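User: Hello! I am new to this structure and would like to explore it step by step. Could you walk me through it?

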Amino acid sequence: THKITDVWVFADGQILGVFPLPAKVPLSITNSVSEVTILAGIRKNGMNDTPVFYPFYKSIVTTVNPKANEGVTIPLDFEYIPDAKIPISESFELGNSFTIDLDKNPETNLQLTSESSILGSKSGLISLTSTTKFIEAGCSRKISSGENSRGQSYIELDYKGEGEIAVGIAKSMNGVLRIEYVLFVPAKENWNKIYVDVTDKLSPSDYNEYFIILAFTRTGNSQISNIYVDNIKHIHF
């Protein structure tokens, strides 16, 4: 899944602009042949006023020979760059890696469900009630300080439902665990994707290892508030 909202377009090394998709991009025909480079644009942390190009999507580079008043169609077949490390890629099809019980309540957990999924047949389900208003779970896959170059780091997440979702990092240093949340986002009625920038949290040398954490809070008055999550990825250099 993706939520590429716009494209950053360059011609012969010069930026032409940032264009919302679907886009028609004007191109000078001063040169008979132009090299066009296209970067995938997203909204960092889901903020409409924070457009960035996603560093983990490979740019599309092609050569075009434009003619006046004629269009050239370029397919946007983006893929991850070869240097991207994806230590966590949880689609819930084969199991559930978010099994660390951080809220210490044995009655709260993230379950597998076939009720709804954005891709595949399963997703993760969190059911919140008047007695279980908060669930906090961590990923069992832990990343050591040597695995992450402390460059740019993101968490990708598809979600929907009723309630609030918090995305964060749990850092461990000499046996002491410290939880740092990055973003709080309300769930939506329909599936939505978000790219959460955790670069600032993982750049300091203040951990021996870390893992991804998710927290879910009941915000409505429904007897049962369900939140679904899917395709959770942690990606870094």
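Predicted model: local features only at pLDDT ≥ 70, side-chain atom pairs only at ≥ 80, totals over all residues.

User: Which residue in E16 is the bridge partner of Gly 138?

Analyst: Residues are numbered from 1 along each chain as its sequence is written, and side-chain values use heavy atoms, leaving out hydrogens and water. E10 and E16 run antiparallel to one another, paired over five bridges (strands pair if DSSP finds at least two bridges between them). Within E16, the partner of Gly 138 is Ile 213.

User: Which residue of E7 has Gly 138 as its bridge partner in E10?

Analyst: Strand E7 covers residues 100-101 and pairs with E10 in the antiparallel sense over two bridges. Gly 138 in E10 is the bridge partner of Ile 100.

User: Is E10 largely enclosed or open?

Analyst: Strand E10 spans residues 134-138. Buried here means under 20% relative accessible area, exposed means over 50%, and partly exposed lies in between, with a 1.4 Å probe and protein chains only. Because four of its five residues are buried, E10 is largely enclosed by the rest of the structure.

User: How many helices and strands are in the chain?

Analyst: Helices (H or I, at least four residues) and strands (E, at least two) are DSSP runs, numbered from the N terminus. Along its principal axes, the C-alpha trace spans about 65 × 40 × 30 Å. The count for the chain is one helix and 17 strands.

User: What share of the contacts between residues at least 6 apart in sequence joins residues at least 24 apart?

Analyst: A contact means heavy atoms within 4.5 Å. Of the contacts between residues at least 6 apart in sequence, the share joining residues at least 24 apart is 74%.

User: Which two residues does the cis peptide bond join?

Analyst: Look at the loop between strand E2 (14-20) and strand E3 (34-43), where Pro 22 lies. Omega is about -5° for the cis bond, which joins Leu 21 and Pro 22.

User: Does Asn 45 count as buried or exposed?

Analyst: Asn 45 sits in the loop between E3 and strand E4 (51-53). Its phi is positive, about 60°, although it is not a glycine. Because its relative accessibility is 19%, Asn 45 counts as buried.

User: And does Asn 174 count as buried or exposed?

Analyst: Asn 174 is in the loop between E13 and E14. Its phi is near 55°, a positive value in a residue other than glycine. With 66% relative accessibility, Asn 174 counts as exposed.
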